[in-house]
Amino acid sequence: MQSAILPPEFQKMFARMFDDATQNSWKEVEQVIKEDFGKTPEEVFGISFDGDPSKGVMERTARASASVAQVHWARLADGREVAIKIQKREIARQVEWDLWAFKVVTKIYTWYFDLPLYSLVPYISDRLMLETDFQNEARNGEKMRNLIQNEPRLKNRVYIPETYPSMSSKRVLTAEWIEGIRLWDKEGINNTWRGGYGKGSPGAGGVQLDAPPAHVVANISKKQPDDEKLKPERDAWRGPAKKGGLGLPLKPVMQTMVDLFSAQMFLWGLVHCDPHPGNIFIRRLPSGKPELVLIDHGLYISMDPKFRLEYALFWRSLMTFDNKTIAKVTQEWGINAPDIFASATLMRPYEGGDGKTLAEIRAMSKKEQKVRQFEMQQKMWAGVRDILSNQDKFPQELIFIGRNLRIVQGNNQFLGSPVNRVKITGTWASRALAENREASLSQRWKEYGKHLLFRTVLISTDFVFYWAKIRQWLGVGKGMDDDIEESMRKMAEGMGVELQHGVFEG
């Protein structure tokens, strides 16, 4: 669900929950490892804290710390560098309390506003609880790694870090260490490459990273565990002034991202639901092309094959204003307000369909502002009730799919809307229908013909995209996705709903 359904005060409160958390002490980290493995960190990872050159090394100071876990760098004796993600000891109990509070608030909200939201709580809670199971995260990551390795259109563009089950548990996840630029660092991605012709950034393509200097390893015992930095900086590619970047245009970076998440939805039905900029690294391959690295595979949803194809058909129908098919699909899902649901999916006002709910809202007489807003909010809530009216039929996966779509849209906006996100997503939806191996040969040929026709129809969206680009170059617009968001904001304000996008974007 979009954050706009909450009052502005609640939106602002939840926005503050994304701040970085204080890291736990090394003593607490050791305790988690001992409880899960029955061994010391030295025994589990084959490391030493006294400078033994035959052993690996590990930083006792976390490189990153979030609310659920913190990440430590280590280099194993065989030269592999790993990220060791340690769950905070208090988090399991804290998550249980947080989910209990979520259930209570949702129950009150359901009762007070007469919205059938509480039925979604078990599904949401189960997905969020799985984020505390690092073995589940490892399984998700390996599944995605295998899918990408077997998809030629993504294989050399997307990289999923390898995980190491023998050094992982429910609260400890050991995976390949990733050097790269976070998606939020536009200058780091875009600035001039100073690393040399025909060379890639550190670790690109899975190349082994250089070891720390011998004197650093030898002096480990003299370092303070609370301020320990052993990992080499590896920033020579930035040049002497350290102002260089990967030298990559933003368009292929964003193209790869939208391709990846569209393939997850429409081809595989296995969707990463937390694709915020902190979970995406960008590296430069020796070919000079970008490589996108996706981490943090805890929050995933699996789509039933039937639902996956229905969702692909729904998207293709949205793009071609096939209102009959839209009505048929949404009816299968128990949704009685297809126009509002279509707008929420595209994240822009949908002008097709019967427009019944939106028309009723717009037709309201221009009363005094607050009275009119109240009536529109009532009508909007009625629309939400229509979407969730048949709780037995409603695919609850749509909640997290919507989250993915919104965050990807936000990522595109952040980079200046370099790609036509809607067109790319729609193309993958149509492609999935044409490539459905369960269909008969005649049906596949029929779908392939529809796909070719669909590609032609999509050219019209390019006119909208390039018009937005022209306005952006002239300084009177920010790009297509910003224009889409503004149109949604205006539509929502007309309904008495205050949109504050960005609240749940990571």
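Which residues of H18 are buried?

## Basis of the model

This is a predicted model; local features need pLDDT of at least 70, side-chain atom pairs count only at pLDDT 80 or more, and totals for chains, interfaces and linings use all residues. Numbering starts from 1 along each chain as its sequence is written, and side-chain values use heavy atoms, with hydrogens and water left out.

## Helix H18

Helices (H or I, at least four residues) and strands (E, at least two) are DSSP runs, numbered from the N terminus. Helix H18 covers residues 459-473, 15 residues in all. From first C-alpha to last it reaches 21 Å, close to the 21 Å expected at 1.5 Å a residue (1.5 Å times one less than the number of residues).

The buried residues of H18 are Thr461, Asp462, Phe465, Ala468 and Lys469. They cover an arc of only 130 degrees around the axis, which puts them on the same side of H18. The arc is taken from the directions from the helix axis to the C-beta atoms. Buried means under 20% relative accessible area, exposed over 50%, partly exposed in between (1.4 Å probe, protein chains only). Phe463 and Trp467 are exposed, on the face turned away from the buried side. Gly475 follows H18, with a positive phi near 85 degrees.

## The four-stranded sheet

Four strands form an open sheet, ordered E5-E10-E9-E7, with mixed pairing. Two strands pair if DSSP finds at least two bridges between them. Strand E5 (158-159) and strand E7 (181-182) are the edges, each pairing on one side only.

E7 and strand E9 (residues 280-284) run antiparallel, joined by two bridges. Ile181 stands opposite Ile282 in E9.
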